Amino acid sequence: MNTLISKNISELIGNTDLLRINSLSKLTGCEILLKCEQQNPGGSIKDRAALQLVKDAVESGKLKPGMTIVEGTAGNTGIGLALVAKALGFNMLVVMPKGQTPEKERMIRLHGAELLLVAPCPFADPNHFYHTAKRLGEENDNYWWSDQFENISNSKAHYENTAPEIWQQTGGNIDAFVSVAGTGGTIGGTSSYLSKMSPSMLTWLVDPDGSGIYNFLKEGSYKSSGNSFTEGIGIMRSVENFRQAKIDKAITLPDQDLVTVSRALCSEDALPLGSSSALNVAGALYAAAKMGEGKTIVTFSCDLAERSYSKLYNAEFIAEKNISLNKETIEQLFERYKAEDESKVLSL
Ligand code: PMP
């Protein structure tokens with residue numbers, strides 16, 4: 001029997017490629033590398049977390065055949081869990097706030113999951129998607145709530161798989177790693193592993209407007225200003241997966257910058273990115289501006305660009321947000337980052 005044949009779609013998760021972003025590597029004199037997580041079968045990095053959450057729950061006996069997995073999500077974890085649930089014989093109930101891109105709602109349904117849409121509201125409201133999913137899990141004996149924020153199977157997926165892949169793909173030659181955070185699973189697991197392998201490597205967190213992580217790292221409280229049209233990233237409270245992270249530098253960047261990056265990479269590198277991924281790459285450009293030439297900097301393409309089509313790649317939507325498609329070129333953005341006051345970078 002040919003052992004190279006995967007037995008079900010969940011086995012296709014992981015082992016993604018690492019791609020050199022040629023335009024930005026040339027511009028910065030650094031190696032700017034992109035871990036292509038959109039290659040996962042569910043189209044995002046959250047497939048990895050979904051698989052680990054389910055595997056660990058099956059192993060510990062919490063999740064048994066015939067049960068329903070329930071999770072609150074901005075979408076990508078829901079797609080990943082729906083795919084893993086279907087492949088491994090579980091039912092899936094996704095609780096999601098209204099107003100996320102319809103692209104994600106469609107994919108959750110396509111994977112056979114039930115989708116419960118709730119009104120978007122502050123975390124303190126008991127009807128928040130997180131509390132709704134938790135409550136459903138507690139009220140039904142046949143449900144298992146995967147709890148992607150507090151369950152550290154999430155960051156474990158990246159500690160055991162994503163980060164070792166990066167280490168191997170770069171031959172251990174990595175000066176910085178740049179990431180956004182949603183649950184913190186990605187940055188938690190990846191930074192823990194990479195900083196253990198190379199204590200001098202720097203982890204940069206990049207936070208969108210409207211998220212409280214930057215302020216938390218600076219002053220100890222979750223405060224935010226402005227807002228962002230990115231989805232699935234930014235946190236306003238302390239969660240266990242984020243607490244795993246070993247962060248050295250933190251910056252906050254506006255949506256305008258990720259829009260500039262997204263258009264430049266489309267035209268220069270044939271590389272459309274999702275919103276959070278474009279913010280990651282803006283963060284990598286910022287790190288290159290501050291660290292200087294000759295560094296190897298790795299960041300993530302978190303999901304498929306299609307998932308951002310109705311917002312990031314919709315000119316009308318961008319105009320409504322008062323963002324310009326022609327504010328500055330990528331070269332000007334890089335020069336601005338180089339000139340920006342050092343005090344904007346939080347050193348931890
Ligand atoms: N980008 C996108 C598009 C996401 O959906 C998420 C997860 N919500 C992230 C980034 C952040 O990943 P993590 O939860 O591992 O911090």
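## Contacts of Lys 223

Two residues are in contact when heavy atoms of one lie within 4.5 Å of heavy atoms of the other. In this predicted model, Lys 223 is in contact with Ser 211, Gly 212, Asn 215 and Met 236, leaving aside its neighbours within four places in sequence. Lys 223 sits in the loop between helix H8 (213-219) and helix H9 (240-243).

## Two domains

The chain is divided into two domains: domain 1 covers 9-39 + 161-338, and domain 2 covers 46-145. Taken over C-alpha atoms, the centres of domain 1 and domain 2 are 25 Å apart. Where the domains meet, 22 residues of domain 1 are in contact with 21 residues of domain 2.

Between them, domain 1 and domain 2 bury about 1,600 Å², with 52% of this area on carbon and sulfur atoms. Of the area that domain 1 buries against domain 2, 39% is supplied by Ile 13, Arg 237 and Arg 307, more than by any other three residues.

Three salt bridges are found across the interface of domain 1 and domain 2. In general, side chains of opposite charge can pair when their charged atoms come close. Arg 48 forms a salt bridge with Glu 165, and their closest N and O atoms are 2.9 Å apart. Between domain 1 and domain 2 there are also 13 residue pairs in polar contact.

On the side of domain 1 that touches domain 2, helix H6 (residues 153-169) gives the most, with three residues. By class, this side of domain 1 has three nonpolar, ten polar and nine charged residues.

## Thr 170

Thr 170 is placed in the loop between H6 and strand E7 (176-179). Is Thr 170 buried or exposed? Its relative accessibility is 12%, so Thr 170 counts as buried, the cut-off for buried being under 20%. Not counting residues up to four places away in sequence, Thr 170 touches Leu 18, Leu 33 and Val 298.

In one of them, the side chains of Arg 243 and Glu 240 meet with an N to O distance of 2.6 Å. Both residues lie in helix H9, three residues apart, which is about one turn of the helix. Arg 243 has a relative accessible area of 45% and is partly exposed. Glu 240 is also partly exposed, with a value of 25%.

## A network of salt bridges

Asp 257, Lys 327, Glu 328, Arg 336, Glu 340 and Lys 344 are linked in a network of salt bridges. Within it, Arg 336 forms a salt bridge with Asp 257, with the closest N and O atoms 3.0 Å apart. Which parts of the chain does this pair tie together? Arg 336 lies in helix H13 (residues 330-339) and Asp 257 in helix H10 (residues 255-269), so the pair ties together parts that are 79 residues apart in sequence. Arg 336 counts as partly exposed at 27% relative accessibility, whereas Asp 257 is buried at 2%.

Lys 344 and Glu 340 form another salt bridge, with their closest N and O atoms 4.0 Å apart. Lys 344 is partly exposed, with 45% relative accessibility, while Glu 340 has a relative accessible area of 16% and is buried.

Definitions and conventions
Residues numbered from 1 in each chain as written. Predicted model: local features only at pLDDT ≥ 70, side-chain atom pairs only at ≥ 80, totals over all residues. Heavy atoms only, no water. Domains from an automatic or database assignment. Buried area = accessible area lost by both parts, 1.4 Å probe. Polar contact = N/O pair within 3.5 Å; in protein donor to acceptor, adjacent residues only side chain to side chain. Helix = DSSP H or I, 4+ residues; strand = E, 2+ residues; numbered from the N terminus. Nonpolar A, V, L, I, M, F, W, Y, C, P; charged D, E, K, R; others polar. Buried < 20%, exposed > 50% of the residue type's maximum accessible area, 1.4 Å probe, protein only.
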